[in-house]
Amino acid sequence: MLLYTVRMVRTMSGVQPTGNLHIGNYLGALVNWVELQKNYEAFFCVVDLHALTQRPDPAVLQRAVREVSIGILASGVDPEKATLFVQSEVPQHAELAWVMTCMTPLGDLNRMTQFKDKSTQQPDNINAGLFTYPILQTADIVLYRAEAVPVGDDQDQHLELARETVRRFNFVYGETFPEPKTVRSQAPRVVGLDGEAKMSKSKGNEVGLFETADETMQKLRGAKTDPARLRKSDKGNPDVCNMFAWHGFFTPQAQRDEIAAGCRSAQLGCVDCKRMLAANLEAVKGPIRERGNELRNNPGRLDDILAAGAAKARVAAEATMELVRDRIGLRKRR
Ligand code: AQP
C-alpha cells in the first residue's frame, strides 16, 4: 500500500506588542489569519523583539505581549489549528536575522519608507534596530519557510525586501527558501479616526478592538467625515467620507445604500450615521471582548497556549536553522 503525506503550505505573520490591537490590525491582518489557519500550517507570533525598537518600559512590554496574545485568540485564532507564540521565546529568529543581515545591501534598507516615518515619530531614539527591522521581519518569515504572509499594505515594501533577500540567498547558497507572497484582506489599509493616516497603535487615531460600545461611540463622535459637510442640512458625499469607508467593512450592503442615499440628500446626519456604525462595530467587537475577558480570567490557559506554541515553533525553526547553517558553512564537522 502506498501512503502519501500531503505537506501543508505554511503561513506566517506577526503583530507588535506596542499597544492595544485596533480594528486596522483586525481587518488588515487578523481576519486573514483566522481564514488561513483552516488550510495552511500557520505560525503566528507576537513580535516582542521588534517592539524593542521603541524601547518600551519592561513591565509595559510584558503586559502588551499578553494583551496582544489575548486579542489574537479572541479574534478567532485557534491554538488547535495555528501555532501562536512569542518571538523572543524562539531564539532562532535572532540567529537567522544576523545571517540575513549579512545578505542585505545597505542600499536596500535605505529605501525603506517605514524607517523614515518611524525616525520622524521618535527623533530621540533612531536606533540601528529601527533601520534593520525589515531584516528581522524577513527572518521571521523565512525561518518557517512560509509562502503566504497575511499583512496590511503598509508591509508591502518589507515583503518585497524579503523576497529579494530570499532570491539572493538562494542564488548564493542554493535553493533554500520559498519566496513569500503577500496575502491581502478586504481592508489592507484602514484609515484612522483622523481621516488621513493609516490607523496605528502609536498615532492615537485608532479604535481599539477591546473598547466598549460607549468608548467607541465617544471616539467616533470626533472622527473626520466629508470635510465639505459642515451642517446636517448640507448634502454629503459618502465617497470622500472615511466613516462611510468604515461602513464598508462592518455594514451590510442594504443599510449602506440607505446611508449613502440619506447622506447625499441630507436626510441623514453624520451623528446618526456614526451611531449606526458604532452598533455594527459592536456586533463584531462585543463577542471578541467577551472572549478576551474569558482569557484574562484564565491566565494559566494563556501561559499554556504560548508555551506549547513556542515549543512547536522552536522545532520548526531549528529544522530550518540546521539547513541554513549547513548551507552557509557554519558548524560543519568532518
Ligand atoms: N491601519 C491598518 N490597516 C490595515 N492593516 C493594518 N495593520 C496595521 N495597521 C493597519 C496590519 O496589522 C498587522 C500588525 O501590525 P503591527 O503591529 O506589526 O505593525 P504596524 O503596522 O506598525 O501597526 P501599527 O498599529 O501601526 O503599530 P505601531 O503604531 O506600533 O507602529 C500588520 O500586518 C499590519 O500590516
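Leaving aside neighbours within four places in sequence, which residues is Leu30 in contact with? In this predicted model, Leu30 is in contact with Val15, Leu21, Asn25, Ile72, Ser75 and Leu209, where contact means heavy atoms within 4.5 Å.

## Basis of the model

Residues are numbered from 1 along each chain as its sequence is written, and side-chain values use heavy atoms, with hydrogens and water left out. Because the model is predicted, local features need pLDDT of at least 70 and side-chain atom pairs count only at pLDDT 80 or more, whereas totals for chains, interfaces and linings use all residues.

## Domains

The protein chain is divided into domain 1 (10-113 + 129-190 + 299-328) and domain 2 (210-292), with bounds that come from an automatic or database domain assignment. The centres of the two domains, taken over C-alpha atoms, are separated by 33 Å, and 11 residues of domain 1 are in contact with 10 residues of domain 2.

## Nonpolar cores

A nonpolar core is a set of buried Ala, Val, Leu, Ile, Met, Phe, Trp, Tyr and Cys residues joined through side-chain atoms within 4.5 Å; buried means under 20% relative accessible area, exposed over 50%, and partly exposed in between, with a 1.4 Å probe and protein chains only. The largest such core holds 50 residues, of which Ile23, Leu30, Trp33, Ile72, Leu220 and Trp246 touch the most other members. Domain 1 and domain 2 both give residues to this core, so it lies between them.

## Loop residues with positive phi

Arg55, in the loop between helix H2 (48-51) and helix H3 (58-74), has a phi near 45°, a positive value in a residue other than glycine; helices here are DSSP runs (H or I, at least four residues), numbered from the N terminus. With a relative accessible area of 61%, Arg55 is exposed.

Ala266 likewise has a positive phi, near 65°, and is a residue other than glycine. Ala266 is placed in the loop between helix H11 (253-264) and helix H12 (270-296), and counts as buried because its relative accessibility is 17%.

## A nonpolar surface patch

Phe171, which is in helix H8 (residues 156-173), counts as exposed because its relative accessibility is 75%. Together with Val172 and Tyr173, Phe171 forms a nonpolar patch on the surface, with about 340 Å² of accessible area for the three together.

Patches are made of residues with over 30% relative accessible area and no salt bridge, like charges being joined within 9 Å and nonpolar side chains (Val, Leu, Ile, Met, Phe, Trp, Tyr) within 5 Å. A salt bridge is a side-chain nitrogen of Lys or Arg within 4 Å of a carboxyl oxygen of Asp or Glu, and accessible areas come from the Shrake-Rupley method with a 1.4 Å probe, only the protein chains shown counting as cover for residues.

Definitions and conventions:
Helices (H or I, at least four residues) and strands (E, at least two) are DSSP runs, numbered from the N terminus.
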